Amino acid sequence: MTNKPFVSIITPVKAEKDYITECVNSLLSLDYPKDSYEIIIVLDERAITEVRRILDVYKKREGSRIRIFQSKKSGSAANRNLG
(Lines give C-alpha, C1' and ligand atoms only; values in the text may rest on other atoms or scores of the structure.)
Protein backbone atom coordinates (compact mmCIF):
# COMPACT_ATOMS: atom_id res chain seq x y z
CA MET A 1 0.00 0.00 0.00
CA THR A 2 1.16 3.49 -0.73
CA ASN A 3 0.45 6.85 0.84
CA LYS A 4 0.03 8.55 -2.53
CA PRO A 5 -3.52 9.59 -3.45
CA PHE A 6 -5.49 7.56 -5.96
CA VAL A 7 -5.84 9.48 -9.22
CA SER A 8 -7.84 9.07 -12.41
CA ILE A 9 -6.24 10.11 -15.67
CA ILE A 10 -8.93 11.07 -18.16
CA THR A 11 -7.88 10.90 -21.80
CA PRO A 12 -10.32 11.94 -24.54
CA VAL A 13 -9.61 10.17 -27.83
CA LYS A 14 -10.99 10.51 -31.33
CA ALA A 15 -9.15 9.08 -34.34
CA GLU A 16 -5.56 9.03 -33.09
CA LYS A 17 -4.70 5.48 -34.19
CA ASP A 18 -1.11 6.52 -34.90
CA TYR A 19 -0.62 7.83 -31.36
CA ILE A 20 -2.85 5.79 -29.06
CA THR A 21 -0.29 3.05 -28.41
CA GLU A 22 2.39 5.56 -27.47
CA CYS A 23 -0.07 7.45 -25.26
CA VAL A 24 -1.28 4.39 -23.33
CA ASN A 25 2.24 2.98 -22.98
CA SER A 26 3.38 6.30 -21.52
CA LEU A 27 0.51 6.35 -19.05
CA LEU A 28 1.19 2.77 -17.98
CA SER A 29 4.86 3.52 -17.37
CA LEU A 30 4.34 6.55 -15.13
CA ASP A 31 6.59 6.85 -12.12
CA TYR A 32 3.60 6.45 -9.81
CA PRO A 33 2.41 3.36 -7.93
CA LYS A 34 0.42 1.13 -10.29
CA ASP A 35 -2.28 0.53 -7.68
CA SER A 36 -2.76 4.28 -7.17
CA TYR A 37 -4.08 5.35 -10.55
CA GLU A 38 -6.51 4.40 -13.27
CA ILE A 39 -6.69 5.42 -16.90
CA ILE A 40 -10.09 6.49 -18.16
CA ILE A 41 -10.28 6.71 -21.94
CA VAL A 42 -13.30 8.39 -23.48
CA LEU A 43 -13.76 7.68 -27.16
CA ASP A 44 -15.21 10.50 -29.22
CA GLU A 45 -18.25 9.70 -31.33
CA ARG A 46 -15.89 9.89 -34.32
CA ALA A 47 -13.39 7.39 -32.91
CA ILE A 48 -12.55 4.71 -35.42
CA THR A 49 -12.93 0.99 -34.87
CA GLU A 50 -9.18 0.39 -35.12
CA VAL A 51 -8.57 2.64 -32.10
CA ARG A 52 -11.15 0.66 -30.14
CA ARG A 53 -9.46 -2.63 -31.06
CA ILE A 54 -6.09 -1.34 -29.87
CA LEU A 55 -7.62 -0.18 -26.59
CA ASP A 56 -9.44 -3.49 -26.08
CA VAL A 57 -6.06 -5.27 -26.09
CA TYR A 58 -4.81 -2.99 -23.32
CA LYS A 59 -8.06 -3.46 -21.40
CA LYS A 60 -7.71 -7.25 -21.49
CA ARG A 61 -4.09 -7.04 -20.33
CA GLU A 62 -4.48 -4.35 -17.65
CA GLY A 63 -7.98 -5.12 -16.38
CA SER A 64 -9.63 -2.53 -14.19
CA ARG A 65 -6.70 -0.09 -14.45
CA ILE A 66 -8.06 0.95 -17.85
CA ARG A 67 -11.67 1.99 -18.29
CA ILE A 68 -13.08 2.77 -21.73
CA PHE A 69 -16.21 4.79 -22.44
CA GLN A 70 -17.86 5.70 -25.73
CA SER A 71 -19.19 9.24 -25.91
CA LYS A 72 -22.20 10.34 -27.90
CA LYS A 73 -20.63 13.76 -28.27
CA SER A 74 -17.53 15.07 -29.92
CA GLY A 75 -14.97 17.41 -28.48
CA SER A 76 -12.37 16.91 -25.80
CA ALA A 77 -14.12 19.12 -23.21
CA ALA A 78 -17.36 17.15 -23.34
CA ASN A 79 -15.45 13.89 -23.24
CA ARG A 80 -13.33 14.94 -20.27
CA ASN A 81 -16.56 15.80 -18.45
CA LEU A 82 -17.93 12.33 -19.23
CA GLY A 83 -14.73 10.75 -17.91
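1. **Ground rules.** Please keep in mind that this is a predicted model, in which local features need pLDDT of at least 70 and side-chain atom pairs count only at pLDDT 80 or more, while totals for chains, interfaces and linings use all residues. Residues are numbered from 1 along each chain as its sequence is written, and side-chain values use heavy atoms, with hydrogens and water left out.

2. **Fold and overall dimensions.** Three helices and three strands make up the secondary structure, and their order along the sequence is β-α-β-α-β-α. The radius of gyration is 13 Å, close to the 12 Å that the globule rule gives for 83 residues, so the chain is as compact as a globular protein of that length. Helices (H or I, at least four residues) and strands (E, at least two) are DSSP runs, numbered from the N terminus. For the radius, C-alpha atoms are used, and the rule is 2.2 Å times the number of residues to the power 0.38. Along the principal axes, the C-alpha atoms fill a box of roughly 40 × 25 × 20 Å.

3. Of the 83 residues, 29% count as buried, where buried means under 20% relative accessible area, exposed over 50%, and partly exposed in between (1.4 Å probe, protein chains only). The chain has 15 positive and 11 negative charges, and their mean positions are 4 Å apart. Lys and Arg count as positive and Asp and Glu as negative, with His and the chain ends not counted; each charge is placed at NZ of Lys, CZ of Arg, CG of Asp or CD of Glu.

4. **Strand β2.** I would look here next. Seven of the seven residues of β2 (residues 37-43) are buried. Y37, I39, I41 and L43 point one way from the strand, while E38, I40 and V42 point the other way. Strand β1 (residues 7-13) runs parallel to β2 and is joined to it by seven bridges; two strands pair if DSSP finds at least two bridges between them. In one of these pairings, P12 has V42 of β2 as its bridge partner.

5. **L55 and its contacts.** L55 belongs to helix α2 (residues 49-62) and counts as buried, at 1% relative accessibility. Leaving aside neighbours within four places in sequence, L55 is in contact with I20, V24, I41, L43 and I68, contact meaning heavy atoms within 4.5 Å.

6. **T21 in helix α1.** T21 sits in α1 (residues 20-28) and is partly exposed, with a relative accessible area of 33%. T21 is in contact with I54 and Y58, leaving aside neighbours within four places in sequence. The C-alpha atoms of T21 and L55 are separated by 8.2 Å, at 34 residues apart along the chain. T21 and A47 are 26 residues apart in sequence, and their C-alpha atoms are 15 Å apart in space.

7. I48 is found in the loop between β2 and α2 and is partly exposed, with a relative accessible area of 33%. I48 touches K14, A15 and K17, not counting residues up to four places away in sequence. I48 and V13 are 35 residues apart in sequence and 9.8 Å apart, C-alpha to C-alpha. S76 is part of helix α3 (residues 76-82) and is partly exposed, at 38% relative accessible area.
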